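Reader: Could you walk me through how to read this one, feature by feature? I'd like the general idea each time, and then the case at hand.

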Amino acid sequence: MEVVNTTLLSIALFIQLILAPLIYLVTSSSKKLGDTLSIIVSATPLIIVAYFFNTVYNGLIVYEEHPWIPVFGLKLGFQLDSASYPFALLISLMGFLATIYSTKYMEHEHGYPAYMALLLMFNTGMLGVVLATNLFLLYIFWELMLIPSYFLIAYWGTGRPRIIGFKYFVFTHAGALAMLFGIIWLYVLYGTLEISQLSILLTDRAENFYISILIFIGAAVKMAVFPFHTWLPDAHAEAPTPISVLLSGVMIKTGAYLIIRILLGLFSWVMPIMNIPIIILALISMVWGGVMALVQTDVKRVLAYSSISQVGYILFGLVTLTPIGIAGGVFHVLNHGFAKGLLFMCSGVLIYVLNERDLSKLGGLASRMPVTATAMLLGALSIAGTPPLGGFASEWMIFSGGIDAGLTIYTAIAIANTAITAGYYLRMIRAVFFLQPKHDLSKVHDAPLTMTAPMSILIFLVVILGFLNYPVTSIITHAVTHIIKM
Amino acid sequence: MLPYSPWLSWIIPLAGCVFVPLFFKLGKRVGEAYSVAIVFLSSFFALSMIPDVWGGRSWVESIPWIPTPKGFIQAGVLVDPLSVLMACIATFIGAWIMLYSVGYMAHEEGLPRYYFFMVFFIGGMTGLVMADNFLQLYIFWEIVGLCSYALIGFYYRKPEAAHAGIKAFITTRIGDVLMLIGIVILYSMFGTFNYSEVTHALSHSLREGLVSLPLLTLILVLMFGGAIGKSAQIPLHVWLPDAMEGPTPVSALIHAATMVKAGIYLTARLILTVIPFEEFPPAMLHQWYQVVAYIGAVTAFFAATMGLVMTDIKRIIAYSTISQLGLMLASLGLASELGWTASTFHILNHSLFKALLFLAAGSVMHAVGTTNIDEMGGLAKAMPITFSTSLVGALALAGVPPFSGFFSKDLIIEASLEAGILPVYLLITFTSILTFIYILRWVYKVFLAPSSHNHSHKHIHESPPVMTIPLIVLAIGAAFSGIILEVTHSFPEYLGIHLHHSTSLTTLLTSAGIILSGAAIVYLVYFGRITPPEVFRSSGFGYMLHKILVNRYYVDAFYYRIVDGFVWFSGILRKSAEDGGIDRFNYLVADGVKGAVNIFRNIQTGSSNINVGGLILGVAILILIFLTLLYGGLS
């Protein structure tokens with residue numbers, strides 16, 4: 001494949017990390033100036049990623065390389081190809097929108113400048129994971145994504161943030177260590193960590209099986225696959241809302257990226273041995289998440305459990321090991337990211353305007369909050385796989401992959417589970433927006449533009465990706481046929 | 001045909017609905033005018049296609065749509081008499097119902113939302129019937145379901161309405177799940193969603209033995225599951241009566257004339273295009289046709305019995321809708337050209353007279369402000385137009401000649417005799433007698449019975465012209481559509497089907513028997529009051545029967561038990577397994593680690609002697625390892 005060399009990728013990646021201290025200082029003295037700067041800085045990766053759209057669309061690879069640690073043969077390499085593009089787009093867009101949203105939502109919080117700086121570092125970590133060309137670099141960014149998010153949860157969270165933050169850290173760090181062990185083992189066996197070289201060097205050895213299990217554990221913990229999921233409802237529900245948007249909408253998808261890039265990309269011949277147990281885990285995750293979401297009383301916890309369930313769908317699509325199933329899984333990463341981000345933003349509006357997130361204490365808000373009501377309905381129905389919204393466009397591909405792989409019964413369960421999804425979301429919407437109001441609503445109004453503008457962009461994406469998804473699905477199809485070589 | 005009609009007839013309302021809220025910003029009248037106009041415009045495009053498909057002509061237009069690793073999926077339209085008929089029903093009847101809404105909904109809050117979803121629905125319904133592949137069909141299938149959900153819950157502050165919306169969505173979703181499984185299996189086997197490509201691939205692989213008959217039957221049954229949900233057939237019929245919580249024009253448009261026909265349309269489409277009689281002889285798919293016929297006939301009968309005892313003006317007609325949809329399905333399940341034609345003919349007639357009955361019911365409710373028919377009565381004088389149009393609708397539904405329902409029902413009976421399935425014939429006949437009784441009971445109680453004491457009829461007056469004109473238009477349609485199409489033989493001609501039948505004597509006798517027995521019972525029980533219903537209810541058996549019927553055979557109660565049980569069980573799981581099991585286990589591990597670490601804490605004495613001693617020991621071990629590796633590696 002042809003390669004386009006550039007230096008823009010490292011700008012996209014490091015600008016947020018490097019300018020974070022500056023933003024901390026500027027925001028400390030002037031919030032307005034600091035916010036403007038933060039928004040511009042967080043927009044930069046988005047612009048750069050969008051700029052390369054055509055290049056990736058035409059099947060080229062955007063590549064950048066610098067010498068780094070020559071002793072170990074390590075290079076500082078970044079690349080954007082059709083497999084990483086959907087993820088990079090999701091991360092940079094959601095990072096940008098969450099930053100805008102934060103400027104209003106978090107304005108009265110203590111330590112606001114530090115929050116902003118950490119948010120930008122968190123964005124860098126996520127983007128780095130999907131741009132890195134070698135596994136060592138990938139691991140570094142994997143940790144860079146964990147540390148700021150730990151502080152964001154532990155210091156700005158609600159409920160018992162310290163314990164929850166700690167739990168989050170321990171869980172994902174344990175997963176990361178399993179992954180690190182796998183990576184080191186790979187280096188010991190093959191003497192390189194460059195993904196492109198590994199794909200040539202990898203031979204048929206029994207160790208590969210154990211390595212892929214270790215790496216799967218790292219990915220599974222990040223994706224909160226049953227039974228490694230209990231950190232997620234706590235962390236996603238109690239994190240400050242813009243961080244929930246990023247955790248649920250974006251961060252857990254890095255696990256899916258790991259599966260695509262390493263397990264499917266490198267160990268494609270190990271996967272057929274593992275796929276039935278993983279499929280069963282994915283099914284348990286989707287049903288368990290759905291059933292748990294049905295009995296939650298807190299808006300954000302419903303959304304968090306829904307993420308566990310939806311990640312089950314993504315995982316299901318990926319490990320069907322059929323082209324259309326994998327394409328559906330990757331596409332669902334985007335659709336779920338946008339829709340779940342949107343839903344968390346809606347829950348943020350409820351918290352911002354009413355300071356309430358308990359389902360039994362909300363009600364009758366539809367006419368007072370038309371934008372939020374529309375957004376929540378669309379996001380929920382999209383995730384429940386209702387056409388013409390985005391979620392359906394990816395879910396039928398996942399199901400189709402399941403049937404192609406001969407997993408008819410499993411697929412039937414996955415499809416039937418969409419009824420549970422619709423059930424808990426409609427129950428939530430009824431409790432929040434329908435029925436008689438339980439507050440005095442005369443002074444209640446929709447959120448300010450700073451919060452509804454990012455939501456509107458996501459509404460647009462949730463709707464448009466359902467039927468006019470040609471550009472995105474072409475890139476995904478390219479990735480499936482050329483990178484994963486299905 | 002107007003240019004691009006097959007596309008524009010549904011794209012116009014689908015794209016147009018987006019601007020409804022904007023036009024409402026300019027003013028309420030502007031918004032209403034825009035919404036009505038856009039549906040009328042779409043109906044012109046739909047109606048203009050009739051001459052082009054006359055005589056059974058059909059064609060397909062398609063464009064590339066979604067790239068997948070399996071190749072492009074095409075989006076397309078299938079223009080044939082069936083799709084054009086359904087499109088005309090959706091847009092043309094839809095347009096008159098929109099006009100009626102202007103009067104009926106005049107004083108409601110949230111009109112932009114109402115008109116947005118109505119126009120969106122009409123676009124979705126037209127798109128559904130014009131689609132030439134299952135994926136597109138399914139997308140529109142869910143769009144109309146979404147509109148139905150939003151419009152049933154229009155009065156969202158009312159708990160019943162909020163509840164009914166969810167009930168409708170989830171119940172139909174259960175059917176949709178089955179249908180989606182069927183569609184995905186087909187796609188997986190043949191790599192296409194397109195109807196005619198599926199047909200070719202199916203007949204080819206059947207010949208080659210790649211697909212077995214039981215598998216094909218299973219796929220068709222799964223597809224039919226979607227129809228059961230959408231068309232409210234047993235066992236998924238429970239949502240439709242509750243859907244009456246929505247505004248009346250919604251009931252008329254979505255829950256009588258169009259959306260609930262989507263299931264009938266799907267079944268008719270499967271029989272016409274996907275498993276045509278020529279390539280898949282009915283004898284081959286005998287079991288599937290049996291399922292269709294029996295589910296339809298049984299639903300028709302049981303829904304009619306429940307319609308006998310309801311007291312809500314709209315619920316009676318809702319049960320009637322379920323029952324009539326059952327008749328249409330039963331007729332399709334007869335697996336004959338005659339049955340298929342009869343069913344399609346009944347789709348047309350039923351859409352006219354049932355929309356009419358709902359709009360008339362709306363007109364009554366608008367005037368008296370109640371939905372209980374026991375509190376009505378004697379409205380015939382105060383509301384002459386509503387009364388006379390209702391009477392036309394009721395007689396058409398009851399199957400009294402020369403009104404439209406008679407002719408299609410006659411054909412259905414004829415077809416059931418021709419097919420020779422006695423139970424289906426009997427169920428259809430009994431259903432028709434019950435239909436006659438419940439709908440004349442409805443007319444009697446609402447318009448003719450001595451007026452109840454609750455209110456004086458002085459304040460009650462006829463609805464405004466914007467509501468009565470659609471009533472009159474639909475009444476003309478319901479009165480004459482049957483006889484004109486029957487006498488000129490133009491309906492089969494339009495479909496391009498050559499029926500060589502003459503009405504048999506048995507059919508004539510059956511029809512006469514239905515009308516006579518129905519009329520006798522209605523006279524005895526209601527008009528003559530010789531054995532009024534109270535007398536019947538006072539006996540032990542009558543009391544029991546009435547109780548069972550009023551409680552809808554306890555099916556709803558049974559379903560609620562299941563759902564509540566599931567939620568209760570989920571709650572238990574959450575407490576015991578999620579919080580008490582998995583999460584607790586995590587904390588146990590954490591505490592265990594903490595305890596283990598505490599043991600090692602004793603080593604951290606703070607004494608420098610011990611620390612330095614430890615350091616030296618560590619370095620010594622490292623050197624040892626290093627040396628071992630070095631020499632081990634060399635040798």
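**Reading the model**

Author: Let's start inside: the largest nonpolar core has 412 residues, and those with the most contacts inside it are L342(A), A355(B) and L356(B). A nonpolar core here is a set of buried Ala, Val, Leu, Ile, Met, Phe, Trp, Tyr and Cys residues joined through C-beta atoms within 7 Å. Helix 5 (residues 81–104) of chain B gives the most to this core, with 18 residues. Helices (H or I, at least four residues) and strands (E, at least two) are DSSP runs, numbered from the N terminus.

Keep in mind that this is a predicted model: local features need pLDDT of at least 70, side-chain atom pairs count only at pLDDT 80 or more, and totals for chains, interfaces and linings use all residues. Residues are numbered from 1 along each chain as its sequence is written, while chains are lettered from A and ligands numbered from 1 in the order in which they are written.

Reader: Which residues is L342(A) in contact with, leaving aside its neighbours within four places in sequence?

Author: A contact means that two C-beta atoms, placed from the backbone, lie within 7 Å. For L342(A), the partners beyond those neighbours are A375(A), G379(A), M455(A), L458(A), I459(A) and V462(A).

Reader: How do I read the overall build of chain A?

Author: Count the elements, then check the radius of gyration, taken over C-alpha atoms; the globule rule to hold against it is 2.2 Å times the number of residues to the power 0.38. Chain A has 20 helices and three strands. Its radius of gyration is 21 Å, close to the 23 Å that the rule gives for 486 residues, so chain A is as compact as a globular protein of that length. The C-alpha trace of chain A spans about 70 × 55 × 40 Å along its principal axes.

Reader: What percentage of the residues of chain A count as buried?

Author: A residue is buried if 20 or more other C-beta atoms (placed from the backbone) lie within 10 Å of its own, exposed if 12 or fewer, and partly exposed in between. In chain A, 63% of the 486 residues count as buried.

Reader: And how is chain A divided into domains?

Author: Domain bounds come from an automatic or database domain assignment. For chain A that gives domain 1 (1–269) and domain 2 (273–486), with 22 Å between their C-alpha centres. Across the boundary, 43 residues of domain 1 of chain A touch 50 residues of domain 2 of chain A. Helix 4 of chain A supplies the largest share of the domain 1 side, 11 residues.

Chain B is assigned domain 1 (156–546) and domain 2 (557–634), and their C-alpha centres lie 65 Å apart.

Reader: How many residues of chain A are in contact with chain B?

Author: 43 residues of chain A meet 37 of chain B. Helix 18 of chain A gives the largest share of the chain A side, 10 residues.

Reader: How do I check a helix such as helix 20 of chain B?

Author: Compare its ends with the expected span, 1.5 Å times one less than its number of residues. Helix 20 (residues 422–448) of chain B has 27 residues and should span 39 Å; its end C-alpha atoms are 38 Å apart, which agrees. This helix 20 of chain B is mostly covered, with 20 of its 27 residues buried.

Reader: Is G369(B) buried or exposed?

Author: G369(B) is exposed, because 11 other C-beta atoms lie within 10 Å. You'll find G369(B) in the loop between helix 16 (337–368) and helix 17 (379–382) of chain B.
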